[in-house]
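Hi,

Here is the structure I promised to pass on.

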Amino acid sequence: MKRPDMVSGIRQTKERVHAWISQDGHIQLPISLAAEQAALVVRTADGYRISLLRPDVKKVYLEVTTKCNFSCITCIRSSWQDELTHMSWETFKNIVNSLKELPELTTVHFGGFGEPLMHPQIFDMLQAVKELGLKVEMITNGSYLREEILQQLIELKLDILYTSLDSSDEEEYNEIRPGANFKSVYHNIVRLQELKKEQKLTKPELGIEFVAMKKNFARLPNLIRLAWELDARQVIVTNLLPYHESMKDEIIYDIDDTGCLFGHNSLLMSVKAQMANMKLRTERDCKFIQDKALCINHQGFISPCYALMHTYHCYIYGRKKQMYPYYLGNVNKKSLAAVWMEPDYVQFRQKVCDYDFPSCTDCRLLDGCNYTESNEMDCWGNHLSCAECLWSRQIIACP
């Protein structure tokens, strides 16, 4: 596979770009005089591709901290090399200023790989983003949702609050999440719904996220029934991505999910839960690219997705894989709009849309292939490879 060569940098045009290829193979870009528009032109294997450069980001995932008060066996902290710290207020201010320059932005999600409510200025952060008129979401482990915190979230008009709840069984939940207390978290969720009802409010809407593995999968119908009783608006069922060797045999990606997985409970699950694929499929589709989303980590580095935010290792079908981040820029040095329209980022998004990567996971030459040891490079010549991304297979999911 040949990498596309840039045949023209950013061209200032008016209104929109039309391309004509002359007989000698040169490209001509006529310009009208209505409105300025930038475009990136690249040579492809069968001609040329023109991409209009627009700051059309629609969703931003924001990691305000990498600290957490739990030690979950499913967590990326089992293998990563990044520091545990909070985002600085200066970095956050730069982010807010950048958000103002994204005319199509609708949603900011406070999440990443830390517990947002541990940040000492989290409510100032939420308020600052709400004042921009944006939809604001947050995911939490539920432990900090004391009544005064819940009331603040209600007064802030937080739109959606996702809570991780990996089992409906107290003993099992506490085992999966060392440091957690099921009764306390469950009580906090119940109290959120009570406060909303007492005040005749609907927000924040409640979302539940469940990480499926051998250990807890049989209890999934009970959890979904519990979520129904709690009036949760959304239940996201994702699969386990093992970050520690002890968890690599807990995956359940090989079960037949074409029929009724849970008998008479299957209808309830299909209605109430957003289910990840439980088996490897041919189709690959990146949620982050399709949603026009980007991620910002606690240091202000901008990545295309969650999988490329940190340095860590994980286990893909039992094989250890070293993962390296892919940073397109830093919000402390350049605006989000400018980074989004950088030629490298534009071409990366197009490559992912085309899914111009090999499918290593089910390749007949997989055994003995050293390209699968990390995401640095693949056999098609990509120097940052999404070849084994389980998010694109809809096996791993996120809000």
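Predicted model: local features only at pLDDT ≥ 70, side-chain atom pairs only at ≥ 80, totals over all residues.

Residues are numbered from 1 along each chain as its sequence is written, and side-chain values use heavy atoms, with hydrogens and water left out.

**The sheet**

Ten strands make up an open sheet with mixed pairing, in the order β12-β11-β10-β9-β8-β7-β6-β13-β14-β17. At the edges are β12 (273–275) and β17 (329–330), each with a single partner strand, so one side of each has no neighbour in the sheet. For the terms: strands (E, at least two residues) and helices (H or I, at least four) are DSSP runs numbered from the N terminus, and two strands pair if DSSP finds at least two bridges between them.

β6 and β7 pair in the parallel sense over four bridges, with Val108 in β7 as the bridge partner of Val60. The chain gets from β6 to β7 through α1, and this β-α-β crossover is right-handed (with the strands pointing away from the viewer, the path from the first strand over the helix to the second runs clockwise). β7 also pairs in the parallel sense with β8 (residues 135–140), over four bridges, and there Phe110 has Met138 in β8 as its bridge partner.

Is β7 covered on one face or on both? Both: Thr107 and His109 on one side, and Val108 and Phe110 on the other, are all buried (under 20% relative accessible area; exposed is over 50% and partly exposed in between, with a 1.4 Å probe and protein chains only).

Elsewhere in the sheet, β9 and β10 pair in the parallel sense over five bridges, and Ser164 stands opposite Glu209 in β10.

Gln193 is in helix α5 (residues 182–198) and counts as buried at 14% relative accessibility. What does Gln193 touch, leaving aside neighbours within four places in sequence? Leu206, Leu230, Asp231 and Ala232, where contact means heavy atoms within 4.5 Å.

**Salt bridges**

The count comes to 25 salt bridges, taking a side-chain nitrogen of Lys or Arg within 4 Å of a carboxyl oxygen of Asp or Glu. Here are a few of them.

- Lys58 and Glu104 have a salt bridge at 2.9 Å, N to O. Lys58 sits in the loop between β5 (47–53) and β6 (59–62) and Glu104 in the loop between α1 (89–99) and β7 (107–110), so the pair ties together parts 46 residues apart in sequence. Lys58 is partly exposed at 30%, and Glu104 is partly exposed at 23%.
- Glu137 and Lys135 meet at 3.9 Å, N to O. Glu137 is buried at 4% relative accessibility, whereas Lys135 is partly exposed at 34%.
- Arg219 and Asp169 pair with their closest N and O atoms 4.0 Å apart. Arg219 is in the loop between β10 (205–212) and α6 (220–229), and Asp169 in the loop between β9 (160–164) and α4 (170–176), so this pair links parts 50 residues apart in sequence.

Cheers
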